[in-house]
Amino acid sequence: MSSSKKAIFVEELRQQSLGEQPLEVVERKGIGHPDTICDGVVEEFSHALALEYWKRFHDILHYNVDKAFLRAGSAEQQWGGGRITRPMLLILGDRATSTYEGEVIDVGGIGIGSAKSWIRKNILPLHDILDPDKYIEYQVEIEQGSRELSGIVNEGATRASVSGEYVRFSEKNRVLSANDTSATVGYAPLSLVERMTYHLERHLNSKSFKEEHPEVGEDIKVMSVRNRKSYDVTVAAAFVDRYVTSEEDYFRKKEVVKQEINDYLTGNFIEGHDLELSLNALDRKGKGLHGVYLTVTGTSAEDADSGEVGRGNRVDGLISLNRPASNEAAAGKNTVSHVGLIYNVLSFELAHAIHAELGEKGVKEVYVWMVSQIGRPVRSPKNVTVQLVLSPSVSISSLQGEVDELVSRRLDQMPQFIDELTNKRSDDYIAAWMGPTPETARKRSCP
């Protein structure tokens, strides 16, 4: 143990780094997948609610809005454009402070407004089809929190209003207690397959790609398997029926898109390696509308697949089956005391910071485990364990002090980190962890 004060442990992890292991499986659910929609909506809700509390009371009151369910609607797809016959239903649940010192906070209204705002910012710029007023109904099931949990956050809150769109909770000079006992884990660096899977979905759901291929909707899922130096990538992409005139047109456009995916992967990530690529593997020619992946809106939530918070991508934007995983869904949890969010993001931030600092000294891979205990200050985890995958000539003792100092410094900066977490979106963290897009990297390398 390198620090008894904060219970920080540093140890060597005797295993191959992920990129050196023979098998790797990585999945990403795209921006229009029902699970991703639920995660995005409750994260937007969390930020909007925190800002409303801050502007009205100069404080952040107790809330956790990390429960949401998107029930699929009904649709009739047709060549050239179909119709929605029953709207989807978005149910928002859990707990939030709706009255404080005699004032009422319209939690439900903020939640519905956040859902519509997220869709307008993330889905509609790509396809102006999924009208959140017309195609989605809303049900709010959010109640006041328990007295014990509310007391962790609301106790000591002082009422005053402020202006502006940036929350500076550190101004309160209060170190809150963790409102849950949980464990999280983060890791760095991300492997080539992890970055490839992420960037492929982002490429397919980019504005430039949609302008060239408007037939490709936002509900995209990528499953990547690396078996030694061979790659198998399966992509499911919902096509938009108004841009497809017939079965023949569907399969022609599908082949064009598939070739572009192949070129993107081989040109940017796995040039010279074997690649088996599948696009919409369930398709069957000759079956008409029953043999193609066609949607009215670009998402399967219109009639085929429901969504739920916590069933989609993890904090780093991926589902990496070779990696250890936290059991917490971070989206929608309050940003000032819920360690299921705070430690989830911080464990990844610490792992990337340690690798950036010590990678050139022989640290090949970093895993950071953080365990909270309800009631302990959030800046004082019950346990932090840093596991390092090292090059053969490097000893753990030579790095222990530097790791301990870096982790301790970040924990001491917890108030500033909470400010950042309250104002920053998860996509900003993920983009930084993934590194530049292939296009950006090429531009930087040009003289």
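Partly exposed residues are those whose relative accessible area lies between the buried limit of under 20% and the exposed limit of over 50%. In this predicted model, Arg202 falls into that class, with a relative accessible area of 27%. Its salt-bridge partner is Glu201, with N and O 2.9 Å apart; Glu201, by contrast, is buried at 0% relative accessibility. A network of salt bridges with shared partners connects Asp66, Lys67, Asp94, Glu328 and Lys333.

In total, 29 salt bridges were counted. One of them joins Lys55 to Glu165, with a closest N and O distance of 3.1 Å. This pair connects distant parts of the chain, 110 residues apart: Lys55 belongs to helix α1 (residues 34-57), and Glu165 to the loop between α3 (147-154) and β10. Lys55 is partly exposed at 30%, whereas Glu165 is exposed at 56%. A further salt bridge, between Glu76 and Arg83, has an N to O distance of 3.2 Å. Both residues are partly exposed, Glu76 at 38% and Arg83 at 49%.

Glu349 lies in helix α7 (residues 339-358). Glu349 is buried but lacks a salt bridge, and the nearest side chain of opposite charge, that of Arg410, is 4.6 Å away. Beyond four places in sequence, the contacts of Glu349 include Phe417, Tyr429 and Trp433.

An open sheet of 4 strands has the order β1-β18-β17-β10 and mixed pairing. Its edge strands are β1 (8-12) and β10 (183-188), and the twist from one strand to the next averages 15 degrees. Strands β17 (residues 363-371) and β18 (residues 383-390) are antiparallel, paired over 8 bridges.

Conventions: Residues are numbered from 1 along each chain as its sequence is written. This is a predicted model: local features need pLDDT of at least 70, side-chain atom pairs count only at pLDDT 80 or more; totals for chains, interfaces and linings use all residues. Side-chain values use heavy atoms; hydrogens and water are left out. Helices (H or I, at least four residues) and strands (E, at least two) are DSSP runs, numbered from the N terminus. Buried means under 20% relative accessible area, exposed over 50%, partly exposed in between (1.4 Å probe, protein chains only). Lys and Arg count as positive and Asp and Glu as negative; His and the chain ends are not counted. A salt bridge is a side-chain nitrogen of Lys or Arg within 4 Å of a carboxyl oxygen of Asp or Glu. Contact means heavy atoms within 4.5 Å. Two strands pair if DSSP finds at least two bridges between them. Axes are lines fitted to C-alpha atoms, for helices over the stretch in contact, and angles run from 0 to 180 degrees between N-to-C directions.
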